[in-house]
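Here is a short report on one protein model. Keep the sequence and the 3D view open as you read.

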Amino acid sequence: MIRPYLMFNRECDEAFKMYQKAFDGEMVSIQKYGDMPPNPEFPVAESDKDLVLHAQLKLTETGYIYGSDGSRNQQGSPKVSISVELDSEERAFKAWEVLKDGGSVYMDLQPTFFSKLHGSVQDKYGVTWMFTVN
């Protein structure tokens, strides 16, 4: 089983709430750094306690994404696109509208020779989503 794990720089909670809204998803779990037991070998600054340590979001019947916050330098273009196959055009258009707000459309969500709808958009957090409705 392969599931995308998205790394954010202090935006994971906000991004996952947007993804949850886009797909009518189910937040399976979310742990914050402040939920960890104190550990002198891994001190957590007060300003970081509300950041996401690990989140799991169910987007479709069998599709999940994971994510967390970190202090990684994330420069350059994204190396991963999340491909989402949805069961209805309505669900695709709803998610599309949410994700394209503040983002960049690479390919409009439209009928293609291989699917009812297909399109690609990068959201405002830099995550690229490819939509397909068969």
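## Strands S1 and S4

S1 (residues 5-8) and strand S4 (residues 64-69) pair in the parallel sense, over four bridges. Two strands pair if DSSP finds at least two bridges between them. Strands (E, at least two residues) and helices (H or I, at least four) are DSSP runs, numbered from the N terminus. The bridge partner of Leu6 in S4 is Gly67.

This is a predicted model: local features need pLDDT of at least 70, side-chain atom pairs count only at pLDDT 80 or more, and totals for chains, interfaces and linings use all residues. Residues are numbered from 1 along each chain as its sequence is written, and side-chain values use heavy atoms, with hydrogens and water left out.

Buried means under 20% relative accessible area, exposed over 50%, and partly exposed in between (1.4 Å probe, protein chains only).

## The largest nonpolar core

A nonpolar core is a set of buried Ala, Val, Leu, Ile, Met, Phe, Trp, Tyr and Cys residues joined through side-chain atoms within 4.5 Å. The largest one has 30 residues. Which of them touch the most other members? They are Tyr19, Phe23, Trp129 and Phe131. Helix H1 (12-23) is among the elements that supply at least two residues of this core, and H1 gives the most, with seven.

Take Tyr19. Not counting residues up to four places away in sequence, Tyr19 touches Leu6, Phe8 and Trp129, among others. Contact means heavy atoms within 4.5 Å.

Ser120 sits in strand S7 (residues 117-122). Ser120 is buried, at a relative accessible area of 11%. Beyond its neighbours within four places in sequence, its contacts include Trp96, Tyr106 and Trp129.

Gln56 lies in strand S3. Gln56 also counts as buried, at 16% relative accessibility. Leaving aside neighbours within four places in sequence, Gln56 is in contact with residues including Arg3, Glu26 and Tyr64.
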